[in-house]
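Take a look at the model first.

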Amino acid sequence: MYEPIRTKSVHRMADDTQDAYPHRSREEELDIQLAGHLAALLAVTDELGDTEAGELIARQVARLRGAPPTRHAGLSGAAPQDLHHRAHALAGRALVVAASRADTAAAILAAGRMDAHTAALAGESLVGAP
């Protein structure tokens, strides 16, 4: 009725490839994601010239990655208001991931940076913001 299969099947069982490549845990993935958001925030913070906040962010990135981050070398030429909007969005993303992984230090830092950029956009000065 039908032709028998003469070649080896190209399909595999789901369990066959489990050890074929390394897997990361959810916590490791969240660490990588949080470090990425904070590194992007660091680049914008460096471009804005906020060295004190940049050092705080760099310490968090180093803690998550186990190595100090590379610092932003070039300028994008964007307006400060656009940079503050971008930094606020990046800090918000970092806050969501930090809350997801229950990282209090990173969450406090991200929330503080959101407040600082909100104040900068409103034309206020936020003294002592992390």
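Buried means under 20% relative accessible area, exposed means over 50%, and partly exposed lies in between (1.4 Å probe, protein chains only). This is a predicted model: local features need pLDDT of at least 70, side-chain atom pairs count only at pLDDT 80 or more, and totals for chains, interfaces and linings use all residues. Residues are numbered from 1 along each chain as its sequence is written, and side-chain values use heavy atoms, without hydrogens and water.

**Helix packing**

- The axes of helix 1 (residues 26-48) and helix 3 (residues 80-100) come within 9 Å and cross at roughly 160 degrees.
- Helix 1 and helix 3 are therefore roughly antiparallel (an angle over 145 degrees).
- By class, the contact (heavy atoms within 4.5 Å) of helix 1 with helix 3 has 15 nonpolar, 4 polar and 4 charged residues.

**Salt bridges**

- A salt bridge is a side-chain nitrogen of Lys or Arg within 4 Å of a carboxyl oxygen of Asp or Glu.
- By this rule there are 7 salt bridges.
- Arg24 and Glu29 form one at 2.9 Å, N to O. Arg24 is exposed at 53% relative accessibility, and Glu29 is partly exposed at 37%.
- Arg113 pairs with Asp50, with their closest N and O atoms 3.2 Å apart. Arg113 lies in helix 4 (residues 104-122) and Asp50 in the loop between helix 1 and helix 2, so the pair ties together parts 63 residues apart in sequence.
- Arg113 is buried at 3% relative accessibility, whereas Asp50 is partly exposed at 29%.
- Shared partners join Asp31, Arg63, Arg101 and Asp103 into one salt-bridge network.

Terms used: Axes are lines fitted to C-alpha atoms, for helices over the stretch in contact, and angles run from 0 to 180 degrees between N-to-C directions. Helices (H or I, at least four residues) and strands (E, at least two) are DSSP runs, numbered from the N terminus. Angles under 35 degrees count as roughly parallel, over 145 as roughly antiparallel, 65 to 115 as roughly perpendicular and the rest as oblique. Ala, Val, Leu, Ile, Met, Phe, Trp, Tyr, Cys and Pro count as nonpolar, Asp, Glu, Lys and Arg as charged, and the others, Gly among them, as polar.
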